[in-house]
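Good morning, and thank you for making time for this presentation. Please look at the sequence and the structure together while I speak.

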Amino acid sequence: MKYLTWLLYLAAMLTSLIAKADNWGPAPLHDTTLATPESDTSLTLAQALQLALQANPELAIAKREVDAVTASRIQAALFRNPELSVEMEDVRPSSRQTTYWLGQPFELGGKRGARIETAERARDVASADLHVRLAAMHADVVQRFYEVLAAQERYRLAQSSMELANRGLDVAARRVTAGKVSPVEETRARVAASGTRIELTQANAELVNARRRLVALWGNAVPRFTEALGELDLLPELPSLSSLDEILDQAPLALRAEEEIRHRDAMLKVQESKRYPDLILRGGVQRNESAADTVGVLGVALAIPLFDRNQGNIQEARVRVDKARDERFALNVRLRNELSLAHQRLAASLQEVSSIRDDILPGAQSALDATTRGFELGKFNFLDVLDAQRTLFTARGQYIRALGEVQRSVADVEAILGPQGAALFASMHGQH
């Protein structure tokens, strides 16, 4: 029994040393503070992007996944553990023969290399997922930042509308007092002023919600900045659809699909390597109590792949490789369709902005100026002024909405194309 005790003691010592080695190194970091406060004054798009890059919760999750999959590469590279076994013939002490084995499995067929490659490809997929999340986050920040800019403009427009309505109410009240117009005109002016106050309240609520949606991208529940600084009407040049299609193969989702195919190919190699049995070399001592003799023994073990040659798993892995290729093809079709639609929306919104800016707004402003002068001279009634005001502010609201649609379309293109798409519109965002 002393041989068994010695082997068990040796195994226990090895296990203890390995456990201590696994615990060496720095302790894991647990970052529980994701939220990062922004400035309490103004906020630029570059600052918003930096804040989101540092503390976006979903981005942090994707980074954790990369770290986790990277650790799996360590596990994949490990060799198999040795085996300790005891065989006993005849349990009677006087004639008992006991053999103590210490065996070491050796993997054949390139199993370890295939595992390592699979782990590395899984890490590449996780890294590609991170880049997809980065592109989506960039597009989200751009879109929500410009939503704040548009909401600020709508709020200013509502303020101007209310101020103009209040001035019109004062003018109408004075003209009623002077007996120049009917009291009905004052009532209409009062109703119009009440309507603009409601619009101002709605615009303020939209602005509050837009600011909250923006700061949520870096984990803050309550905005601290007071104003978003940017040019809502800084418009991009419309790139051709063919030039966008040329860089679609470098889109984050397209690259991720390619990495998935490589990962599936590596997983197929793992399954193919399992067709080959592992070799186990064993050595030990044999004690014969009846002869009071101890001898050394050697052994070799090898499974015979007669029935199970891992056929089903290999076939499944091959089908999944084909599936990944089909998914890449379907993804390319979907991305091209989405890119075409986003390009069409961008072209239409740019055309709408140009039409409103060059034709509708100047005409509406000219009509309001002429109607206001005519009303002050007694040539028009206040209803005409109200109609002109409403026309102008409706046109301005359409202009702001069209500008917002331009920014949303740009964000859609950037989300699809990733960094190369963002580079196309960098100057528009004030970035270089």
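Just after helix α4, G179 takes a positive phi of about 80 degrees. This is a predicted model, in which local features need pLDDT of at least 70, side-chain atom pairs count only at pLDDT 80 or more, and totals for chains, interfaces and linings use all residues. Residues are numbered from 1 along each chain as its sequence is written, and side-chain values use heavy atoms, with hydrogens and water left out.

Let me stay with α4, which covers residues 111–177. Helices here are DSSP runs of H or I with at least four residues, strands are runs of E with at least two, and both are numbered from the N terminus. The 67 residues of α4 should span 99 Å at 1.5 Å a residue, the expected span being 1.5 Å times one less than the number of residues. The end C-alpha atoms of α4 are 97 Å apart, which agrees.

I turn now to salt bridges. The term denotes a side-chain nitrogen of Lys or Arg within 4 Å of a carboxyl oxygen of Asp or Glu. The structure holds 34 of these salt bridges.

Because E227 lies in strand β4 (residues 227–229) and R156 in helix α4, the pair ties together parts that are 71 residues apart in sequence. R156 has a relative accessibility of 32% and counts as partly exposed; E227, at 31%, is partly exposed. By definition, buried means under 20% relative accessible area, exposed over 50%, and partly exposed in between, with a 1.4 Å probe and protein chains only.

A salt bridge also joins R282 to E87, with the closest N and O atoms 4.0 Å apart. R282 lies in strand β5 (residues 279–288) and E87 in strand β2 (residues 83–89), so this pair connects parts 195 residues apart in sequence.

R256 is partly exposed at 23%, whereas E260 is buried at 12%.
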